[in-house]
Amino acid sequence: MSTRKVAKSAEKKKVFSSRSSHLSVPFRYRDSILRWAPALLFISIFFFYPLTKILGLGVNSSVFLSPESLQIALDSLGFTLYQAVLSMLLTLLVGLPAAYLFARYDFRGKALLRALTAVPFMLPTVVVAAGFNALLGPRGWLNLSLMNLLDLDSPPINILYTLGAILLAHVFYNTTIVIRVVGNALSRLDPRLIEASRLLGADPWRAFWRITFPLLRPSILAAALLVFLFDFTSFGVILLLGGPKFSTLEVEIYIQTLQMLNLPVAALLSIIQLLCTLTFSILYSRMLAQTSTQVAQQDTESRLRRSKNKRERIFIFTMITILFALFVLPMLALPLRSVSRLEADRGDRADLQTSLTSDYYNELFINRRGSRFYVPPIEAALNSLEYAGITVALSLLMGFPVASALAKPNRMDRFLDPLLMLPLGASAVTLGLGFIIAFSRPPLNLIASPWLVPLAHTIIALPFVIRSLQPALASIPQRYREAAAMLGASSLRTWFTVDFPIVFRAVLAAATFAFTVSLGEFGATSLLARPDFPTIPTAIYRFLSQPGGLNYGQAMAMATILMILTTLSIFLIEKLRLPGRGGW
Amino acid sequence: MKKINLLTLLIALLLSACTLTAESSPEENQLESGFGDDVILTVMTHDSFALSEKVIELFENESGIKVEFLASGDTGSALNKAILTKEAPLADVFYGVDNTFLSRALAADLFESYAAPGLKNIPEEFKFDPENRALPVDYGDVCINYDKAYFAENDLPLPENFEDLMKPEYAELLVVENPAISSPGLAFLLATVAHFGPDGYLDFWAAMKEGGVSVANSWESAYYTNFSASSGRGPQPMVVSYGTSPAAEVYFAETELSEAPTASILGPDTCFRQVEFIGILTGTQQRAAAERFVDFVLDVDFQEDIPLQMFVYPVNSDAELPEVFLKHAELSDQPATISMDEIAANREVWIQAWTETVLK
């Protein structure tokens, strides 16, 4: 927008100041620009700039668009899309009923179970692989019990290094997105709408399809997009649980960049991945534009209820069982392993002797080898928390204005929207290397700065924050604001009395995402982190990089600490209530 | 509302900036008072690098040089990071390029040559670069580790060489790492190329695939998820790991062990010798300090610290090995070797052909 237009819009502002609900076009753009400015500036500097730096190294080569390069891209693109679609559908299949469960019913241990479903999101893949292995591996509990039970010679379940393992892990990781984004919308939904439709003669399915589903559509779309993009750019899961037979674009980018140093091919793959991300984000925006429904809001917290009839009880019981099996069991393996010692005699695996021990935890606090790179667990935890805290603050502060602009999007908002999703489509390796090239010399010599890690995390957290805030903000009826304004409330007061209570829960959900994204991110961290600011995931990798029972045990102990830390944090964040709206 | 947002953004940025600066400043003060010198040497290395606080303090106190380490991902990542930032080097010294990637570093003119006096204590076999741009610091063998108990329980004789591994009795018993991703995986692939020749190694791998060899993407997965003698209790009793892994199993055991639960198969060419190098990065402003650090690294104090920190062997023949190494670690007396140039010319081709044969 030209300066002339800005000046003009400022003039118009004076003229139209009393008619704020019928804004002229330039004024609305000015509004958008202000809201987008911080986030756009941020991603320009910390995403597009490093990205063009690293891609620029590759695109000037004749190899860049050679048939061989394109073949590599095509080979992995098909599988990447295939597994991402399957994973997304499965995640929605588990996540939607789970979201419904948490939004509608009250049951014992609900808050804990809900917090636990968010924990996988930040667990390093090595640790998740260990958990899955302890549960489902060839010598995992399930196989051993089945072998004993059915008198089999070989393990009946072989899930390791199969597509099944990839899908299962993706559901394990990403269901929390659906639970939080859709569940948040569900809990804002006024159940009286359904009750009214039922009274008017609609059967439950009809009520769902005609009332609930259309109202939830924006949040389902947002959740589906996030889940899909996460599966589309999945790396650790494919690498460690899928094994070498499966290669996605992201894995191929990693191999081409870090092992082969084949930057032209890596650049081509990265650009294809980014273009796909952009396409999906634009598709999402289009679909979202077709649905814009504002309904009366209700805080349904007071309407939560225990099951009424048998069918509801069966639903609740089934869902809790599924969630427990899917989320709690694999994670339970880690804390259990972190306190059990395997006996020295390893020969006789048929009856494995284990005993309880706190050795691994004690050992964590001892710098046994007097190493310069010893990681004190408390310090690692504090570093992790500090990075996560900064990420939450930065991404909320920049994401909120954007989400509020997108709540009532104009053409500029719609155009800019997909750009902010792009960081989800960039490979962590590409971004990490881009950071190193872009920020290792003036004007932005940040390479030695501990800031680099939370800045990279913010880039990744921002799309989550925006996507989880936007549906909530969009659902605030404009007439509430108008009513408040008419009653003489200042715009600030209007915001605090009308908007804030409604978005509060969405802000919490967004904060949870930013928090977990930061705690669990390893790809970019491993390239950017300084050894003197270790995080918990880097500590876990350090232990697992050498053989020995003590190392393995300490990795499990560190992972357990990470799990407890996140469960507690999420539990506390979600326990927050608005002042004056029912206490704890 | 917009103003509020921007304002809070600024305030929060300032606040968090303060906390971070506040945190780093006491450390810096301590430095200044401790060493009274502001020569800071930056050493770029990979994630597996480690050393004792005691040993580095020895250097820092003697020389007045403060050393900062920049860990940069795994072996391949760290090297590529150094190459990509060659124009404006992030560090003065690079520690940890191995012989499978050395040619890439030399081709990129990453290092300045330095004929360190300490080279005289290092056997000729480790000196790969006649121009002394990359100086050897440590070495070790990538070998197949086996689960002693499994072979004892099943009365299975040990495979003695690559040919044995193709026999049906060893079908499905070995897990290897993907050479496109993992450094020991690449070393093991190179060992088979050295043994069977560039024309014959694919037949071996085709036979291995037929016999159901398992492939994991990383050493961590192979060792902790697949290998039966590790704490992960996987299904395969043989894994591609290091000759020193049995020593690490004893050193990091949960309960004291008199005997390692694993050992290495030391047949002809079944182990690949990895040598790691150190180099002064081209364009450093701290050439004198860098030389002093390289001297220190080649000297006995540092060299004797290497085994228990990184579980590889020191190259300095004067360095003594710790007991756990003497008892439980093994070196092959007939390791596989391929010349640096041959690796450089064929690395990608071999990996590609391997991928086609084993994974497709």
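Angles under 35 degrees count as roughly parallel, over 145 as roughly antiparallel, 65 to 115 as roughly perpendicular and the rest as oblique. In this predicted model, helix H3 (residues 67–104) of chain A packs against helix H13 (residues 310–338) of chain A at an angle of about 120 degrees. H3(A) and H13(A) are therefore oblique to each other. Their axes lie 10 Å apart, and the crossing of H3(A) and H13(A) is left-handed.

On the H3(A) side, the meeting residues are Val94(A), Pro97(A), Ala98(A) and Leu101(A). H13(A) brings Ile316(A), Met319(A), Ile322(A), Leu323(A) and Leu326(A) to them. Sorted by class, the contact of H3(A) with H13(A) has 9 nonpolar residues, with no polar and no charged ones.

Helix H7 (residues 163–188) of chain A and helix H18 (residues 452–474) of chain A pack with their axes 10 Å apart, at an angle of about 15 degrees. That angle makes H7(A) roughly parallel to H18(A). The crossing of H7(A) and H18(A) is right-handed.

From H7(A), the contact draws on Arg180(A), Val181(A), Asn184(A), Ala185(A) and Arg188(A). H18(A) supplies Arg467(A), Ser468(A), Pro471(A) and Ala472(A). By class, the contact of H7(A) with H18(A) has 4 nonpolar, 2 polar and 3 charged residues.

## Phe513(A) and its surroundings

Phe513(A) is part of helix H20 (residues 491–520) of chain A. It counts as buried because it has 29 C-beta neighbours inside 10 Å, and the cut-off for a buried residue is 20 or more.

Leaving aside residues up to four places away in sequence, Phe513(A) touches Ala461(A), Phe464(A), Val465(A) and Ser468(A). Ser468(A) also takes part in the contact between H7(A) and H18(A). Val392(A) is 121 residues from Phe513(A) along the chain, and the C-alpha atoms of the two are separated by 8.3 Å.

## Where chains A and B meet

The contact between the chains takes 63 residues from chain A and 69 residues from chain B. On the side of chain A that touches chain B, the largest share, 6 residues, comes from helix H15 (residues 377–407) of chain A. This side of chain A divides into 37 nonpolar, 16 polar and 10 charged residues.

## Confidence

For the complex, the predictor gives an ipTM of 0.82 and a pTM of 0.84. Chain B has a mean pLDDT of 88, and 90% of its residues reach 70 or more. Over residues 1–36 of chain B, however, the pLDDT is below 50. This stretch has 24 contacts in the model beyond near neighbours in sequence. Where pLDDT is low, predicted coordinates should not be read in detail.

Methods
Residues are numbered from 1 along each chain as its sequence is written. Chains are lettered from A and ligands numbered from 1 in the order in which they are written. This is a predicted model: local features need pLDDT of at least 70, side-chain atom pairs count only at pLDDT 80 or more; totals for chains, interfaces and linings use all residues. Axes are lines fitted to C-alpha atoms, for helices over the stretch in contact, and angles run from 0 to 180 degrees between N-to-C directions. Helices (H or I, at least four residues) and strands (E, at least two) are DSSP runs, numbered from the N terminus. A crossing is left-handed if the near helix is turned anticlockwise from the far one by less than a right angle, and right-handed if clockwise. Two residues are in contact if their C-beta atoms, placed from the backbone, lie within 7 Å. Ala, Val, Leu, Ile, Met, Phe, Trp, Tyr, Cys and Pro count as nonpolar, Asp, Glu, Lys and Arg as charged, and the others, Gly among them, as polar. A residue is buried if 20 or more other C-beta atoms lie within 10 Å of its own, exposed if 12 or fewer, and partly exposed in between; C-beta atoms are placed from the backbone. pLDDT is the predictor's confidence in each residue, from 0 to 100.
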